[in-house]
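Subject: Handover of a structure

Dear colleague,

Please find below the structure that I am passing on to you. My notes on what was found in it follow directly after.

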Amino acid sequence: MNAVSNVGQAVCDRIAELHRIAPGSIGDLMEYRLLTWDDDAGVYTFSCRTMDWMRNGPGTLHGGMCATVIDQAMGFVAYCAKPGQGTAPTVSMQVTYHRPLIPGRDVLVNVRVLTVTKSLMHLTAEASLFTEPERICLSGSGTYFYKPATV
C-alpha cells in the first residue's frame, strides 16, 4: 500500500480528535472505535453505534444512514492513508443493501484499502450487526480524493 505505515494508529488518533473538535457530529455520535487493523494488508475493523432516531418508517436503519455507516469508516481510513495534513472527501460511493441494519444496535464495519495513488484512494467496506458478523447487511466501495493542506 502506497501510504503511511501506521494508518491504524492514525485512525485511532483521528477518532479521538473528532470527539474533541466536532462533538455532536455524526462521526462523534455514532461512537466509532477501531477494533483491529493490519496496515500491511490494508484491513481495518470498526464498531459503531446506531440510534433509534436513524430509523425509517418501517423501523429499520434509514438507507442514507446505512451509507453513512460505511462512508464514515472508509473516510477515517482515507483521511489517514496519506502522510501529513489534508482532506479526503468522498468523490463517489456505491452501496449495496443486503439486509436491514437495526437502529440501536452496534454495527461491525470491515474496511479494505484497494489502491492509494497520489491523489485518489479506493476502498471497500462491509457492515453487519455486531452480534451477527457473518451476515453482511451492506457492502460498498468508495473513492476518496486526497488534497494536502495548504500552508
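Arg 49 is partly exposed, with a relative accessible area of 32%. This value, like the others in this message, comes from a predicted model. Arg 49 is joined by a salt bridge to Asp 106, and their closest N and O atoms are 3.1 Å apart. The pair ties together distant parts of the chain, since Arg 49 belongs to strand E2 (residues 43–49) and Asp 106 to strand E5 (residues 106–116), 57 residues apart. Asp 106 also counts as partly exposed, at 29% relative accessibility.

The chain as a whole

The chain contains three helices and eight strands. Read from the N terminus, the order of these elements is α-α-β-β-α-β-β-β-β-β-β. The radius of gyration is 15 Å, close to the 15 Å that the globule rule gives for 151 residues, so the chain is as compact as a globular protein of that length. Its C-alpha trace spans about 45 × 30 × 25 Å along the principal axes.

Of the 151 residues, 41% are buried. Among contacts with a separation of 6 or more, 65% are between residues 24 or more positions apart. The chain exposes about 7,600 Å², of which carbon and sulfur atoms supply 54%.

Other salt bridges

In total, the count of salt bridges comes to five. In general, side chains of opposite charge can pair when their charged atoms come close.

One of the five joins Arg 20 to Glu 17, with the closest N and O atoms 3.9 Å apart. Both residues lie in helix H1 (residues 7–21), three residues apart, which is about one turn of the helix. Arg 20 counts as exposed, at 61% relative accessibility, whereas Glu 17 counts as partly exposed, at 29%.

A further salt bridge is formed by the side chains of Arg 135 and Glu 132, at 3.2 Å from N to O. Arg 135 is partly exposed at 38% relative accessibility, and Glu 132 is partly exposed with a relative accessible area of 27%.

A buried lysine

Where does Lys 82 lie in the chain? Its place is in the loop between helix H3 (63–80) and strand E3 (86–87). Lys 82 is buried yet has no salt bridge. The nearest side chain of opposite charge is that of Asp 39, 15 Å away. What does lie 2.9 Å from a polar atom of the Lys 82 side chain? It is the backbone oxygen of Thr 117.

A positive phi

Most residues other than glycine have a negative phi. Glu 31, which is not a glycine, has a positive value near 50°. Glu 31 is located in the loop between helix H2 (26–29) and strand E1 (33–38). With a relative accessible area of 47%, Glu 31 is partly exposed, because the exposed class begins over 50% and the buried class lies under 20%.

With kind regards

Key. Residues numbered from 1 in each chain as written. Predicted model: local features only at pLDDT ≥ 70, side-chain atom pairs only at ≥ 80, totals over all residues. Heavy atoms only, no water. Helix = DSSP H or I, 4+ residues; strand = E, 2+ residues; numbered from the N terminus. Buried < 20%, exposed > 50% of the residue type's maximum accessible area, 1.4 Å probe, protein only. Lys, Arg positive; Asp, Glu negative; His and termini not counted. Salt bridge = Lys/Arg side-chain N within 4 Å of Asp/Glu carboxyl O. Polar contact = N/O pair within 3.5 Å; in protein donor to acceptor, adjacent residues only side chain to side chain. Rg over C-alpha atoms; globule rule 2.2 N^0.38 Å. Contact = heavy atoms within 4.5 Å. Areas by Shrake-Rupley, 256 points an atom, 1.4 Å probe, with all protein chains shown as cover.
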